[in-house]
Amino acid sequence: AAAESPSQRASITVQDLFLDEEDLYVSGGHSNALEDFKGRTRSYGPWRKVVRACQPKGGEESSIWRGITREADQLYCYEVACPACRQFHLPDLANLVVPGGEEDPKEIRRGKLARYRCPHCKWAWSDHIRDLAVAAGQWRPYRYSPQHGFEPAPAVDAPISVGYHLPAILSRSVSLSELAARRIIAEASDD
């Protein structure tokens, strides 16, 4: 179904619902597109599944961000394992560095200059080493608070709603240099 109008959203029922880029759905009038779509699964009771995948838009008020940080019974974050020291940790963009101090985003991208520095042993990872660290990683239970960010948490028994935080830094399709270049551009922007 299309997300353009409440009547289109109300015209079907589904047992398994996949919502992609939900933050882009437009709500009109008194209708909430996300709730309209989720309502289409109610007929299936405990057998329904709702899968939501989205890059958060609009900061902490994004519907997907609220979903994983406030509404999910259990939040999982992916910890990487450093190939050098074997320590697990949650990747943090603050550990993204550009050795040599290059600040031109084009040069950083072109030369693949960015590295990720392990917070434990300080080894600077290339994209390939990051991919090895991700391959050796694991999902762990976490919680999120605006004051403290992501923190390890105990596992929840029999959660009904589970959220997974999978940032771009974990993707082999996204170069560390692309992330560093984006950060430099964003910091230089007035937005």
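Predicted model: local features only at pLDDT ≥ 70, side-chain atom pairs only at ≥ 80, totals over all residues.
**View 1. The largest pocket and the residues at its centre.** The volume of this pocket is about 1,900 Å³. Its lining is made up of 48 residues. Nearest the centre of the largest pocket lie Cys54, Ile64, Ile68, Tyr164 and His165.

**View 2. Elements and residue classes in the lining of the largest pocket.** Two strands, β2 (49-53) and β10 (162-165), each supply at least two residues of this lining. Sorted by class, the lining of the largest pocket holds 27 nonpolar residues, 11 charged residues and 10 polar residues.

**View 3. The second largest pocket, with a volume of about 200 Å³.** Glu22, Asn32, Leu34, Ser63 and Arg66 are the closest to its centre, out of 13 lining residues. Two or more residues of the lining come from each of α2 and α3. Helix α2 gives the most, with 4 residues. The lining of the second largest pocket counts 7 charged, 3 polar and 3 nonpolar residues.

**View 4. Buried residues of helix α5 (residues 127-135).** The buried residues in α5 are Asp127, Ile129, Arg130, Asp131, Ala133 and Val134. Among the elements that cover these buried residues are the strands β3 (74-81) and β7 (124-125).

Definitions and conventions:
Residues numbered from 1 in each chain as written. Heavy atoms only, no water. 1 Å grid on protein atoms, 1.4 Å probe; cavity = no way out; pocket = protein on both sides within 12 Å on 5 of 7 lines; lining within 4 Å. Points joined across faces, edges and corners; volume = space filled by probe spheres on them. Nonpolar A, V, L, I, M, F, W, Y, C, P; charged D, E, K, R; others polar. Buried < 20%, exposed > 50% of the residue type's maximum accessible area, 1.4 Å probe, protein only. Contact = heavy atoms within 4.5 Å.
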